[in-house]
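This briefing is for a reader who is new to the structure shown below. It opens with charged side chains and then turns to helix packing and loops.

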Amino acid sequence: DVPADAYYAAPVTWASTNGITAGVSDTLFAPGKSLTRQELVTFLYRYAKLYGQDMTPSADLSAYTDAGNIPAFALKPFQWAVANGIVAGTSETTLSPEAVTNRLQVSMMVYRLLSAQE
């Protein structure tokens, strides 16, 4: 579902080749689908791992009432991102993993990730 001539085809190919994304299935990327916080955190985690960042920090998420809603694929990425200050809760007690992320959240998380690498 990613046309070869789409403006985003090369980045999707790069992300797939480098293990940043596997798409929404074995055959679909779903470029028109909204991005959730759990997907974004997972992308950032995989990117940081690819570029050699220390992946051992891990936060206890038990203070967040919705931590149990984090799917298995995103649990370690959330623990890592919270421990590194890359992601903050949407409130003092929620992470909102299934919520659609907005441009502000994307900008802040990418900024925090790249700032931590300096």
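E39 and K33 form a salt bridge, with their closest N and O atoms 2.8 Å apart. The model is a predicted one. A search of the whole structure finds one salt bridge.

**Charged side chains**

- E39 has a relative accessibility of 18%, so this residue counts as buried, the cut-off being under 20%.

**Packing of α2 and α4**

- Two packed helices are described by the angle between their axes and the distance between the axes.
- Helix α4 covers residues 103-116, and its axis comes within 11 Å of the axis of α2, with a crossing angle of roughly 20 degrees.
- That angle makes α2 roughly parallel to α4, because angles under 35 degrees count as roughly parallel.
- The crossing of the two helices, α2 and α4, is right-handed.
- On the α2 side, the residues that meet α4 are R37, L40, V41, L44, Y47 and A48.
- Their counterparts in α4 are Q105, V106, M109, V110, L113 and L114.

**The loop between α1 and α2**

- T36 is found in the loop that links α1 (9-17) and α2.
- With a relative accessible area of 11%, T36 is buried.
- Not counting residues up to four places away in sequence, T36 touches P97, E98, A99, V100 and T101.

**The loop between α2 and α3**

- D66 is in the loop between α2 (37-50) and α3 (72-83).
- Beyond residues up to four places away in sequence, D66 touches T93, T94, L95, S96 and P97.

**The loop between α3 and α4**

- S96 lies in the loop between α3 and α4.
- Apart from its neighbours within four places in sequence, S96 is in contact with R37, D66 and T90.
- S96 and I70 are 26 residues apart along the chain, and their C-alpha atoms are separated by 8.6 Å.
- R37, a contact of S96, is also one of the α2 residues that meet α4.

Notes
Residues are numbered from 1 along each chain as its sequence is written. This is a predicted model: local features need pLDDT of at least 70, side-chain atom pairs count only at pLDDT 80 or more; totals for chains, interfaces and linings use all residues. Side-chain values use heavy atoms; hydrogens and water are left out. Helices (H or I, at least four residues) and strands (E, at least two) are DSSP runs, numbered from the N terminus. Contact means heavy atoms within 4.5 Å. Axes are lines fitted to C-alpha atoms, for helices over the stretch in contact, and angles run from 0 to 180 degrees between N-to-C directions. Angles under 35 degrees count as roughly parallel, over 145 as roughly antiparallel, 65 to 115 as roughly perpendicular and the rest as oblique. A crossing is left-handed if the near helix is turned anticlockwise from the far one by less than a right angle, and right-handed if clockwise. Buried means under 20% relative accessible area, exposed over 50%, partly exposed in between (1.4 Å probe, protein chains only). A salt bridge is a side-chain nitrogen of Lys or Arg within 4 Å of a carboxyl oxygen of Asp or Glu.
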